[in-house]
Amino acid sequence: MSKTRRWVIILLSLVALVLIGVNLADRDDEQTEVVNTSDPTYKSDHSDTVVYSPEGALNYRLIAQHVEYFSDDGISWFTQPVMTTFDTDKTPT
């Protein structure tokens, strides 16, 4: 193996090691995103939800002016909700 080839391999190896070190050092500087748990996960204006039973019959219908869902607590808040349930004969109650 010639001396020139050996020096090129050593130089390229050093460059590769430096680039790996720089890449690993950049990962430590990343800031984690701070999530405010008091904010809702999503909001919706005028929600119209229709739910069916496993047999395919209409189970209930929920209409709300505004909806906020909090995933940390698993809670949904509805503003002016109107819920219509349906019995097995598909009669609204």
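**View 1. Strands E1 and E2 run antiparallel and are joined by 10 bridges.** The model is predicted, so local features are given only at pLDDT of at least 70 and side-chain atom pairs only at pLDDT 80 or more, while totals for chains, interfaces and linings use all residues. Residues are numbered from 1 along each chain as its sequence is written, and side-chain values use heavy atoms, with hydrogens and water left out. Tyr42 has Tyr69 in E2 as its bridge partner. E1 and E2 form a hairpin with 5 residues between them. In the turn, Gly56 has a positive phi of about 100°.

**View 2. Asp48 and Arg61 form a salt bridge.** A salt bridge is a side-chain nitrogen of Lys or Arg within 4 Å of a carboxyl oxygen of Asp or Glu. In this pair the closest N and O atoms are 2.8 Å apart. The pair links distant parts of the chain, with Asp48 in strand E1 (residues 42-52) and Arg61 in strand E2 (residues 58-70), 13 residues apart. A search of the whole structure finds 1 salt bridge. Asp48 is partly exposed, at a relative accessible area of 41%, and Arg61 is also partly exposed, at 34%. The classes are buried (under 20% relative accessible area), exposed (over 50%) and partly exposed in between, with a 1.4 Å probe and protein chains only.

**View 3. Asp45 lies in strand E1.** Asp45 counts as exposed, with 60% relative accessibility. Leaving aside neighbours within four places in sequence, Asp45 is in contact (heavy atoms within 4.5 Å) with Gln65 and His66. The C-alpha atoms of Asp45 and Val67 are 6.4 Å apart, and the two residues are separated by 22 residues in sequence.

**View 4. A nonpolar surface patch is formed by Trp7, Ile10, Leu14, Leu17, Ile20 and Leu24.** Together these residues have about 650 Å² of accessible area. Patches are made of residues with over 30% relative accessible area and no salt bridge, like charges being joined within 9 Å and nonpolar side chains (Val, Leu, Ile, Met, Phe, Trp, Tyr) within 5 Å. Areas come from the Shrake-Rupley method with a 1.4 Å probe, and for residues only the protein chains shown count as cover. Leu14, one of the patch residues, is found in helix H1 (residues 3-28).

**View 5. Gln80 and Lys90 have positive phi values although neither is glycine.** Phi of Gln80 is near 55°. Gln80 lies in the loop between strand E3 (75-79) and strand E4 (82-85), and is exposed at 57% relative accessibility. Phi of Lys90 is near 65°. Lys90 is in the segment after E4 and is exposed, with a relative accessible area of 58%.

**View 6. The chain as a whole has 1 helix and 4 strands.** From the N terminus on, the order of elements is α-β-β-β-β. Buried residues make up 8% of the 93 residues. The chain exposes about 8,100 Å², of which carbon and sulfur atoms supply 56%. Mean pLDDT, the predictor's confidence in each residue from 0 to 100, is 86 for the chain, and 89% of the residues score at least 70. Among the elements, H1 has the lowest mean pLDDT (86) and E4 the highest (93).

Conventions:
Helix = DSSP H or I, 4+ residues; strand = E, 2+ residues; numbered from the N terminus. Pairing = 2+ DSSP bridges.
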